[in-house]
Amino acid sequence: MDNDATPEPQAGLVLLAHGSRDALWRQPIEAVLHAVQQSGPTPLACCAYLEACEPDLPTAAQGLIDAGATQLTVLPLFLGTGKHAREDIPRLVELIRARHPQVRVHLQPAVGEHPRVTALLAELARQAAGAQMQK
């Protein structure tokens with residue numbers, strides 16, 4: 001066995017959402033995390049929030065790094081690319097990169113920008129409109 005072998009990178013995933021003081025608000029975000037964890041071999045994963053909930057992004061990233069993550073993907077669970085996605089989140093990601101230069105941190109676009117999410121929302125809207133028309 002080669003003791004100088006580079007270990008395989010350990011992936012970490014942060015599902016980043018806005019946050020709310022209402023505890024029920026977190027349920028769908030945590031359901032996404034649960035679905036990710038149940039869908040097969042997954043990276044280390046957790047939820048994080050910009051405000052009004054714990055953990056915040058730097059704390060969540062630290063937890064994954066402490067658990068062995070050597071690369072992180074931050075996936076903003078936002079419908080659009082507003083001020084938070086354009087300015088606040090990249091600033092927090094840069095803070096993580098500065099604190100942990102040995103960890104590769106990938107920031108993904110807001111999920112609402114993905115064509116599959118747009119298509120799903122359109123389908124749900126059509127179904128809702130159709131259900132109303134049947135009443």
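In which sense, left-handed or right-handed, does helix α2 cross helix α3? In this predicted model, the crossing of α2 over α3 is right-handed. Contact between the two helices involves Leu-57, Pro-58 and Ala-61 on the α2 side, and Leu-92, Val-93, Leu-95, Ile-96 and Arg-99 on the α3 side. Of these residues, seven are nonpolar and one is charged, while none is polar. The helices themselves span residues 57-66 (α2) and residues 83-99 (α3). Their axes lie 10 Å apart and form an angle of about 40°.

The protein as a whole contains four helices and four strands. Read from the N terminus, these elements follow the order β-α-β-α-β-α-β-α. Along the principal axes, the C-alpha atoms occupy a box of roughly 70 × 35 × 25 Å. The chain has 135 residues, of which 27% count as buried. Among contacts with a separation of 6 or more, 71% are made by residues 24 or more positions apart.

After α1 comes Gly-40, which has a positive phi near 130°.

The loop between β2 (44-49) and α2 includes Pro-55, and Ala-52 is also found in the loop between β2 and α2. Most residues other than glycine have a negative phi, and most peptide bonds are trans. Ala-52, a residue other than glycine, has a positive phi near 70°. Because its relative accessibility is 48%, Ala-52 counts as partly exposed. The peptide bond between Glu-54 and Pro-55 is cis, with omega at about 0°.

A further loop, between α3 and β4 (104-107), contains His-100. The relative accessibility of His-100 is 11%, and this residue therefore counts as buried, the cut-off for that class being under 20%. When residues up to four places away in sequence are not counted, His-100 touches Gln-62 and Ile-65. With Gln-62, the side chain of His-100 also forms a polar contact of 3.0 Å.

Methods. Residues numbered from 1 in each chain as written. Predicted model: local features only at pLDDT ≥ 70, side-chain atom pairs only at ≥ 80, totals over all residues. Heavy atoms only, no water. Axes fitted to C-alpha atoms, helices over the stretch in contact; angles between N-to-C directions. Left-handed = near helix turned anticlockwise from the far one by under 90°. Contact = heavy atoms within 4.5 Å. Nonpolar A, V, L, I, M, F, W, Y, C, P; charged D, E, K, R; others polar. Buried < 20%, exposed > 50% of the residue type's maximum accessible area, 1.4 Å probe, protein only. Polar contact = N/O pair within 3.5 Å; in protein donor to acceptor, adjacent residues only side chain to side chain.
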